[in-house]
Amino acid sequence: MEQFVQQLVNGLMIGSTYAVVALGFGLMFSVMRVVNLAHPEVFMVGAYVAFVVVTGLNVHGQGLGMLAAVGLFVVVLGVAMVATGVVGLILERLVIRPTRGTYILTPFIATSGVSIVLQNGAQRIFGPDPVRIPSVIPAHTFAISGVLVTSMQLTTVLTAVVIMLALRYYVHHTRWGRATRAVAEKPDVAAACGVNVNLVSQLTVGIASVMAGAAGVALGLLYNSAAPFMGLLFGLKSFICMLVAGNRHIEAIMAVGLLLGLVEAIVTGYISSNLRDAVAFALLLAVLFFRPQGLFGSYDV
Amino acid sequence: MSVLLQVAGLEVTYGPVRAVKGVDLELPKGEIRAILGANGAGKSSIIRAIMGLVKPRGGTITFANTTIHRLPPHAVNRLGIAWVPEGRQIFSTLTVQENLLMGAFGGRQAEERPVRQEQIMEMFPILKTRREQFAGSLSGGEQQMLAIGRALMSSPELLLMDEPSLGLAPKVVQYLFALIREIRARGISILMAEQNARQALRVADYAYLLEVGEIRGGGPASEMEASEQVRRVYLGG
Amino acid sequence: MSQILDHLPAFWVVALITAGINAIITMGVYFSNSAGALSAAHAAIAGMGAYTGAVLTTNFDWPFPVAILAGALVGFAIGVLLSLATLRMNELVAGLTTLAFGETMVIIAFNLDYIGGANGFIGIPLETTCNVVYLLLALVVFIAWRFDRSRLGYAARACRDNVHAAAVMGINTAWVKTVVFALGGSIAGVGGVLRAHYVLVQSPDDMGFFFSVNYLIFWVFGGSYTLWGPVFGALFLTILPEFLRFSLYDRFIIYGVILTAIVIVRLQGVITRVPLGRRPALFEALARLRGRGPQTVPASSLGGPQSGR
């Protein structure tokens, strides 16, 4: 039984990062009807920024007290989020804005070009092999009612949860969040209400990119590595989470992300680790056949 | 009486289709003017062009001495024009309250917003009771009230109404047009596109006849009501 | 042809053959999508045809032409399957289903030891030559040219423009969509066999989403619904990296920049002239609608290029 709960906890942790990246996809799709293929690469950029900052500062987590370690983590996170935010804003202005609103494949392909640039850029600068990121949070293992959780795992989940809560608050309780929801539903009408739709677009991509960057930092520090192609499979799975959950409620995307993490953990632990990556696709196929608009409904595409 | 809105030589095309061909119209301050025409005549296109949702291929639109035909919709809204779209188009995933707040997003006379909201709630009591409900659950008539209330939230000088009576029960239509009179009484000028010529002519001061993208006639409402042509084509003899 | 090839540096020959194969598979995408579908599975279809043909030549010593035929048949069958499965879905969901299908095939191939499993199927004899590739490409283009002018081609375009209107006009939309998609599948299968007998290895990864997206990119970039567009797209985007022979990564960085830039600047694809007997004026105007194909764009969209110009 303990083994089972342990798997669940591991799964939740990965699932929370799937959810964060999936939320970014979902935001951009529901607000702008754009599939941003460069989003997983923004996630990768976040991890590399963490690498640069941590190795640049030349500080090793093991020697730090808890408070200093957390402070360092926040700094790394902050820098990465700023960097990925900027990348997102540039991406929106140069690539997404000219191509959105037209055929659905056009921004898809334009952003795929950007993803090629980012992947190869990372290879060029850092080499094709994964780079090692030293730990920031000193390695402690907590035992919570029989289940083992490392401090970095805890940090990852906390970060993800904070981000998701912040997003939820933004969407439901702020003026611009309301405007974002309005634009997602009826952009013309929102514009006629005084909403600068271009600004909402920038905001949306910026927020999504910042979130992806944070997820990249978390995962990079969790596994102590960053690699140029780390975004590919992870991004695809997150994208599938968005598809399965539908676009109507962000809570749905959060739930599906966690669910995917959970199911993957169970499959890995109890069936076969080879099939782990198949879980997402099986889920997608099942949902596509029975509820094509996603489990919880979608806006008209 | 000063002219609030001036449209001159408006041309709107969608690809190869010319929807609006050389339309001139104006709206003096304080008046209600109607654009009458059948489905597809181009009424909506004119309204959308004024709102900035469509860039006209030619012509000019001036509002209170400002050229607006090159402006994006949110800028047009901030100048004091509000839009009640065809088919209500309320935000169904937002609550009634949130819909009203969206109307005020442009920030005109922001300090008075709470007062304005109360006034609108008084005007439409049904909205008050359904404040926290999702707008998608309202009936057609209620949604139209919400759409109008939302437009009024921006404290506009000019209200653009696109087919306000479409799809509404006759009783509701009566109430609607009484409402329109009351809005004008509060100093808001109204330009409406309407298929329901009978009702429109009762409330408007002046009407234009639009056929296949061109203005084919226009005059004070009483004249239009009496005219042979209008009776035959729009009022069923 | 071979005399010309002898004078070219080796890597040019490689590039030409690869480009030609990509062009064939992209033409498969062209056919499959011509009735309105959006296939993200063509790499998988090509791969399955490839596995079939490779097994036949390697394990059973069957002649190469038969292998090609077999690939075509397999591709056709899968095309029928996919089309029937996605018939009632809207365009986006159908596309996603093909994506999921492709990935599922990858995973299955990974676990099938008979065809090599994770290491792929090796030992395939080298049968593909430049002549063969371009001969078949010419054949495919010829078929496409005839198709565009045939009743089936017009029916497919009608389905693409407005499936309901097409049905009302008496077109059996289900039949048209399926036949057309299957046709594209068979062409992709042929391309797959050619590829397998050139690269001499067929691995599961080659069937994945990434490669299917590549073919979609060639298709859209070149000009989705034109005859020469997909060919141009495949040739250009396959050979372009060969021109950019700087460092390994720089060339792809520049490739990515060019790809993005051209898509942004020419939203409708590089080739847009559609000389298919339609009134030229109409198509001129439609081409100006930037990327939305034959449908008229509503008055405004989310801040994008506003029509009504």
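Reply: The model is a predicted one.

Me: What makes strand 1 and strand 2 of chain B a pair?

Reply: Two strands pair if at least two bridges are found between them. Strand 1 (residues 3-14) and strand 2 of chain B are joined over 8 bridges, in the antiparallel sense, so they count as a pair under that cut-off.

Me: Why are strand 2 and strand 5 of chain B said to stand at the edges?

Reply: The open sheet has 4 strands in the order 2-1-4-5, with antiparallel pairing. Strand 2 (17-28) and strand 5 (66-67) of chain B each have a single partner strand, so one side of each lacks a neighbour in the sheet. Helix 1 (residues 43-51) of chain B packs on this sheet, where it touches strand 1, strand 2 and strand 4 (58-63) of chain B. The direction of helix 1 makes about 115° with that of strand 1 of chain B.

Me: Why is helix 2 of chain C called roughly parallel to helix 6 of chain C?

Reply: The axes of helix 2 (residues 10-33) and helix 6 (residues 130-149) of chain C cross at roughly 25° and come within 9 Å. Angles under 35 degrees count as roughly parallel, and therefore helix 2 of chain C is described as roughly parallel to helix 6 of chain C. The crossing of helix 2 and helix 6 of chain C is left-handed. Among the residues making the contact are L16(C), G20(C) and F31(C) of helix 2 and V133(C), L137(C) and A144(C) of helix 6 of chain C. By class, this contact of helix 2 with helix 6 of chain C has 17 nonpolar, 1 polar and no charged residues.

Me: How do you know that chain A is as compact as a globular protein of its length?

Reply: Chain A holds 11 helices and 4 strands. For 301 residues the globule rule gives 19 Å, and the radius of gyration of chain A is 19 Å, close to that value, so chain A is as compact as a globular protein of that length. The C-alpha trace of chain A spans about 55 × 45 × 35 Å along its principal axes.

Me: Which helix of chain A supplies the largest share of the side that touches chain C?

Reply: In the contact between these chains, 37 residues of chain A meet 38 residues of chain C. Helix 4 of chain A gives the largest share of the chain A side, 13 residues. The residues on that side of chain A divide into 22 nonpolar, 11 polar and 4 charged.

Definitions and conventions:
Residues numbered from 1 in each chain as written. Chains lettered and ligands numbered in written order. Predicted model: local features only at pLDDT ≥ 70, side-chain atom pairs only at ≥ 80, totals over all residues. Axes fitted to C-alpha atoms, helices over the stretch in contact; angles between N-to-C directions. Helix = DSSP H or I, 4+ residues; strand = E, 2+ residues; numbered from the N terminus. Parallel < 35°, antiparallel > 145°, perpendicular 65-115°, else oblique. Left-handed = near helix turned anticlockwise from the far one by under 90°. Contact = placed C-beta atoms within 7 Å. Nonpolar A, V, L, I, M, F, W, Y, C, P; charged D, E, K, R; others polar. Rg over C-alpha atoms; globule rule 2.2 N^0.38 Å.
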